[in-house]
Amino acid sequence: MINQMFELYFAPTPNGQKITILLEELELPYQLIAVDLLNGEQHTTKFRTLNPYGKIPVLVDHHGPGGAPMTLYESGAILWYLANKYQRFKGETPRQEALVMQWLMFQMGNLGPFLGQAHHFFNYAPEMIDYAQKRYYREATLMYEVLNARLGEHPFLAETYSIADMAVYPWVSARRAHRIDLNDYPAVASWHQTIKQRPAVRRGFAPLRDRLPSKLEPEHRKHLFGQQQNP
Ligand SMILES: N[C@@H](CCC(=O)N[C@@H](CS)C(=O)NCC(=O)O)C(=O)O
């Protein structure tokens, strides 16, 4: 019998949450497999067979193209794969599809990496480096200005609600970690409220949030930012 249940290797971070939001929006059955990033589970040989880069999320579709199992990493690729498989949230015309891809690439290539660095240098670096904080905060403000301009003219990033919104939403939800105040970006604030009210988004944003630590211990830092561990 074919296993219809998707498996998602997951931690409650923006890159994980964008996938649970889409799985909920698509009303798909899935099993969450928690990967304890703080304790280095992403570095185990077993996990690296799923993603050699050692990062969540990883999706397993037991019934992939041609009926064969498919394992996929990189959250943007996973979003596109699911949207394409079910022909939803990816735009309906070539123009809409191109815009969805543009904003998805904006999130994957700019927003995620730069905000991730801002989080690091504001919250986790062993020393506070003024230059690094200023550089990533500046990039953050530039990107929020771009988002605010776009969302001032359109209700969603592409022409309709799409995986691009789902990809950006969890990052904006984490805005305190990159020191952004949504009072400065009213169109982003209003878009964020609209997305937040979607029941699927609420469900997709919730898993394992109680496992987030209030503070990182030295051992956590080692696993996340330092030396790797073999099982
Ligand atoms: N470009 C990747 C980035 C994935 C990523 O950075 N995942 C983080 C959590 S948000 C992770 O697994 N970090 C663990 C580590 O770096 O050891 C994607 O979008 O999937």
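Modeller: A salt bridge here is a side-chain nitrogen of Lys or Arg within 4 Å of a carboxyl oxygen of Asp or Glu. By this rule the count comes to nine salt bridges. This is a predicted model, where local features need pLDDT of at least 70, side-chain atom pairs count only at pLDDT 80 or more, and totals for chains, interfaces and linings use all residues. Residues are numbered from 1 along each chain as its sequence is written, and side-chain values use heavy atoms, with hydrogens and water left out.

Colleague: What makes Glu97 and Lys90 a salt bridge?

Modeller: The closest N and O atoms of Glu97 and Lys90 are 2.6 Å apart, and the limit is 4 Å, so the pair qualifies. Side chains of opposite charge can pair when their charged atoms come close.

Colleague: Why is Lys90 called buried, and what is Glu97 called?

Modeller: Buried means under 20% relative accessible area, exposed means over 50%, and partly exposed is in between (1.4 Å probe, protein chains only). Lys90 has 5%, so Lys90 is buried. Glu97 has 27%, so Glu97 counts as partly exposed.

Colleague: How do you know where Lys134 and Asp130 lie?

Modeller: Both lie in helix H5, residues 130–153. Helices are DSSP runs (H or I, at least four residues), numbered from the N terminus. Lys134 and Asp130 are four residues apart, about one turn of the helix, and their side chains meet in a salt bridge at 2.6 Å, N to O. Lys134 has 54% relative accessibility and therefore counts as exposed, while Asp130 has 46% and therefore counts as partly exposed.

Colleague: What makes Glu139 and Arg138 a salt bridge?

Modeller: Their closest N and O atoms are 3.9 Å apart, which is within 4 Å, so the pair counts. Salt bridges that share partners join Arg135, Arg138 and Glu139 into one network. Glu139 is buried because its relative accessible area is 16%, and Arg138 counts as exposed because its value is 51%.

Colleague: Why is Thr20 called buried?

Modeller: Thr20 has a relative accessible area of 0%, so Thr20 is buried. Thr20 is found in helix H1, residues 14–25. Not counting residues up to four places away in sequence, Thr20 touches Leu8, Phe10, Tyr30, Leu32, Gly204 and Pro207, where contact means heavy atoms within 4.5 Å.

Colleague: What does the side chain of Thr20 reach at 3.0 Å?

Modeller: The side chain of Thr20 reaches the backbone oxygen of Gln17. A polar contact is a pair of N or O atoms within 3.5 Å; within protein, one must be able to donate a hydrogen and the other to accept it, and residues adjacent in sequence count only if both atoms are side-chain atoms.

Colleague: Which residues are around the ligand?

Modeller: Among them are Thr13, Asn15, Gln42, His43, Lys55, Glu74 and Met108. A residue is near a molecule if one of its heavy atoms lies within 4 Å of it. A polar side-chain atom of Gln42 lies 2.8 Å from an oxygen atom of the ligand. For Lys55, a side-chain N or O atom is 2.7 Å from an oxygen atom of the ligand. A polar side-chain atom of Glu74 lies 2.7 Å from a nitrogen atom of the ligand.

Technical notes:
Helix = DSSP H or I, 4+ residues; strand = E, 2+ residues; numbered from the N terminus.
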